[in-house]
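Good morning, and thank you for coming. Please look at the sequence and the structure as I present them.

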2 protein chains.
Amino acid sequence: MRAALLAGLWVLAACASAPPAEGQTAPRSMDEIINAAPASDWRDIAPENMLFMRLANGGTVIIELAPSFAPNHVANVQALARAHFWDGTPIARSQENYVVQWNGPDEGQPASRGAAQERLEAEFARPAAGLSITRLQDPDSYAPVTGFADGFPVAGNGERAWLAHCYGMVGAGRGDTTDSGSGAELYVVIGHAPRHLDRNVTLLGRVLQGMEHLSVMPRGTGPLGFYEEGAARPMISRIELGSELPTAERPRLQALRTESESFRDVVESRRTRREEWFVEPTGRINVCNAPLPIRVAPQG
Amino acid sequence: MRAALLAGLWVLAACASAPPAEGQTAPRSMDEIINAAPASDWRDIAPENMLFMRLANGGTVIIELAPSFAPNHVANVQALARAHFWDGTPIARSQENYVVQWNGPDEGQPASRGAAQERLEAEFARPAAGLSITRLQDPDSYAPVTGFADGFPVAGNGERAWLAHCYGMVGAGRGDTTDSGSGAELYVVIGHAPRHLDRNVTLLGRVLQGMEHLSVMPRGTGPLGFYEEGAARPMISRIELGSELPTAERPRLQALRTESESFRDVVESRRTRREEWFVEPTGRINVCNAPLPIRVAPQG
């Protein structure tokens, strides 16, 4: 009995409790929807928009950059990666329920910025025009509009749109002035979405794979979760662009197009829970709770 | 310049950019509000409602139980703690962006449940009547009403109220039937609030201190983040009630009363950001982003 209880905890696979009546079709599970999505609903992630972070402990984190939201910051991050700016540098900060951040070489250490700028104008938001947003119908605490565009969670107000600070989103740290960030200092959200940062910092991408290597980094004991002097800091072996990797080493990742019917169905499968375990199907969803499916491109 | 940039990242202390005009008062920072709160705005956390979890790695996690929401589950957890049910048992599960969970002794191992029941009727929600909810004014994706009651984040629909699955909330795992949980299997939310679990599982408390010991546990590599056979599992040395500890060893923790004016001011200080760093003050907040201040009771 006990084993069944434990095994049954949040088993999310669809278990139809009764066969559908004639003329009805059983709601599909998220996995069924994803597996049935036509090839045209998947997009290849461009190698130049993939950032590969190799940690000294062997973990790999893959980030997708978002040039349609932060073109200048993305170009700067690409230049920094080409210059191997972050190779052999430490994680600077791991703050509980907030962010993990890396800042490049320590002060006084040589730093190669290549063609990158030292500071950039903020890219906090962009015109909504020209952006195809797959909108969510449920209210959001922080913005009149939420949804997905070009594979990223977004918020907006009709006129403007911006990336939303969801779990796994990547941003460019900045100082007190809005033009003091450059993408050299990057943070990843590892806690409940700090949406009050929306439109206060430039977001430029999201983690596609490997969040579990960042989220478990021991929290820094200094203010804001910075590692204190003398503390062991997790180290970055290298950060490079997918386009700089030998073709054979590039994982051929694809993301489900957030403008596709399959993606809408995926979101609805998580919005209204049909699995037998759920007694309250919810029928609502927040932009930061929706999955953004990725896969390795099938052979051939 | 660079050092200033780094030091300036998210320094959240209030920096008034200009002196307030005559007749105006400068908005107070969260810390100022907390420090100025009168003694009557603080409540002692009852020792019998504090669960002390000592991890084998030296970390301590302190949980506050919520008898006004899940009286039967809380009584069961108290009975299990008195019986030392979890002492010397492993963490069962660490699932990325979701939960850490412990289930007591492995199957086939001796288990002492004391006076605890093996299964309990669900306590997913309660009547809103009799509960004083400090309501938030901003919309929520999941419920018509959100706010705080008795020190916990809550959601509701006017008739019923329930604890909300925010970061750090503690719940009772269950199997497929709603009466299959007992509090013997406990989980803690370590990722973005999985609010679709609201009214599907019994929540019974929240972590007051020590989340950073749970959130960094290596993710399990089995399905649902369970540690696989043979994997090193973090171990629990013991879990005991505050009321079972020698008086001298009980930390005298206090929580800011969520029905107090000070708490309303704290929430507003996070809802509308006045610090110089923020260019977009937001003016909105989600129930899972509000802080729930605690402190050690002052001497005397």
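I begin with a definition: here, a disulfide is a pair of cysteine sulfur atoms within 2.5 Å. By this rule, there are two disulfides over all chains of this predicted model. In general terms, such a link is a covalent bond between the sulfur atoms of two cysteines.

Let us take chain A. C166(A) is joined to C288(A), with 2.1 Å from S to S. The torsion about this S-S bond is about -75°, so the disulfide is left-handed. C166(A) sits in the loop between β10 and β11 of chain A, and C288(A) in the loop between α5 and β16, 122 residues apart. Both C166(A) and C288(A) are buried.

In chain B, the sulfur atoms of C166(B) and C288(B) lie 2.1 Å apart and form a disulfide. This link is left-handed, with -75° about the S-S bond. Which parts does the pair tie together? C166(B) belongs to the loop between β10 and β11 of chain B and C288(B) to the loop between α5 and β16, so parts 122 residues apart in sequence are tied together.

I turn now to a sheet. Chain B has an open sheet of eight antiparallel strands, in the order β4-β5-β12-β11-β13-β3-β2-β14. At its edges stand β4 and β14 of chain B, each with a single partner strand, so one side of each has no neighbour in the sheet. Strand β2 of chain B pairs with β14(B) over five bridges, in the antiparallel sense. Within these two strands, L55(B) stands opposite I236(B). Helix α3 of chain B packs on the sheet, and its direction makes about 125° with that of β14(B).

Definitions and conventions: Residues numbered from 1 in each chain as written. Chains lettered and ligands numbered in written order. Predicted model: local features only at pLDDT ≥ 70, side-chain atom pairs only at ≥ 80, totals over all residues. Heavy atoms only, no water. Pairing = 2+ DSSP bridges. Helix = DSSP H or I, 4+ residues; strand = E, 2+ residues; numbered from the N terminus. Contact = heavy atoms within 4.5 Å. Axes fitted to C-alpha atoms, helices over the stretch in contact; angles between N-to-C directions. Buried < 20%, exposed > 50% of the residue type's maximum accessible area, 1.4 Å probe, protein only.
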